[in-house]
Amino acid sequence: MANVTVYRTIYASLEKVWESWDDFGNIYQFNPNLTHSHLLEDSLPKGQGAKRQCDLKDGNNWIREEVVEYIPYQRMTFNIYEGTMPLKSAKATLRFRKVMANRTEVSMSMDFEPKLGLLGKLMLPMMKPKFAGMLHALLEGNDAYVTQGQVVTAA
């Protein structure tokens with residue numbers, strides 16, 4: 001299993017940053033890697049058990065995610081359980097830490113295993129930087145959304 005972790009300090013309160021991520025179905029508002037996202041029919045609106053579909057900006061791929069760990073204002077983990085990406089398994093964990101009243105550190109860690117057996121393992125050196133770039137863009141988009149109210153569109 002491969003791992004990619006990125007960090008970002010956002011100049012906003014922990015509550016405001018958490019609120020943006022807690023609106024689980026609407027991540028497309030700040031994720032430049034997506035064209036759209038929505039809660040699934042059988043989903044809770046937030047918290048453990050919430051499920052969403054994310055449509056990637058390439059226009060061909062999509063993933064479905066479910067919140068599997070939920071500790072308000074501290075940590076949220078979601079599992080990518082279905083989709084068109086070449087992933088055998090993937091799980092992402094967001095961690096939130098209040099640095100000061102209006103400063104929050106967010107870390108996002110993704111553990112993943114590609115499909116395609118040996119070929120997938122050989123592709124890991126190319127996949128890790130791509131995923132790291134996508135996660136950096138996501139945290140940057142979240143920062144702009146929380147601090148400036150910018151709704152990010154897929155590039």
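This is a predicted model, and seven aromatic pairs turn up in it. Take Phe 24 and Phe 78 to begin with: their ring centres are 6.0 Å apart and their planes sit at 70°, so this pair counts as edge-to-face. Phe 24 belongs to the loop between α1 (14-22) and β2 (34-39), while Phe 78 is in strand β5, so the pair ties together parts that are 54 residues apart in sequence.

The next pair is Phe 30 with Tyr 145. Here the ring centres are 5.4 Å apart and the planes are at 40°, so the pair is tilted. This one also links distant parts of the chain, since Phe 30 is in the loop between α1 and β2 and Tyr 145 is in helix α2, 115 residues apart. Phe 30 counts as buried because its relative accessibility is 1%, whereas Tyr 145, with a relative accessible area of 23%, is partly exposed.

Now go back to Phe 24 and Phe 78 and look for Arg 52. Arg 52 lies over the face of Phe 24, at 3.7 Å from the ring centre. The charged end of Arg 52 also sits over the ring of Phe 78, 5.0 Å from the centre of that ring.

There's an aromatic cluster to find as well, made up of Trp 18, Tyr 70, Tyr 73 and Phe 96. Tyr 73 is worth a click: you'll find it in the loop between β4 and β5, and its phi is near 70°, a positive value in a residue other than glycine. With 40% relative accessibility, Tyr 73 counts as partly exposed.

On to the empty space. Rolling a probe the size of a water molecule over the atoms shows where such space is left. The structure holds one cavity of 30 Å³ or more, and the largest cavity has a volume of about 280 Å³. Of the 20 residues that line the largest cavity, Asn 31, Ile 63, Glu 65, Met 134 and Leu 135 are the closest to its centre.

Which elements build that lining? At least two residues each come from β3 (51-56), β4 (62-71), β5 (75-83), β6 (87-100), β7 (103-114) and α2 (117-148). Helix α2 gives the most, with four residues. By residue type, the lining of the largest cavity splits into 16 nonpolar, two polar and two charged.

Conventions: Residues numbered from 1 in each chain as written. Predicted model: local features only at pLDDT ≥ 70, side-chain atom pairs only at ≥ 80, totals over all residues. Heavy atoms only, no water. 1 Å grid on protein atoms, 1.4 Å probe; cavity = no way out; pocket = protein on both sides within 12 Å on 5 of 7 lines; lining within 4 Å. Points joined across faces, edges and corners; volume = space filled by probe spheres on them. Nonpolar A, V, L, I, M, F, W, Y, C, P; charged D, E, K, R; others polar. Buried < 20%, exposed > 50% of the residue type's maximum accessible area, 1.4 Å probe, protein only. Phe/Tyr/Trp six-rings, centres within 6.5 Å; stacked < 30°, edge-to-face > 60°. Lys NZ or Arg CZ within 6 Å of the ring centre and 35° of its normal.
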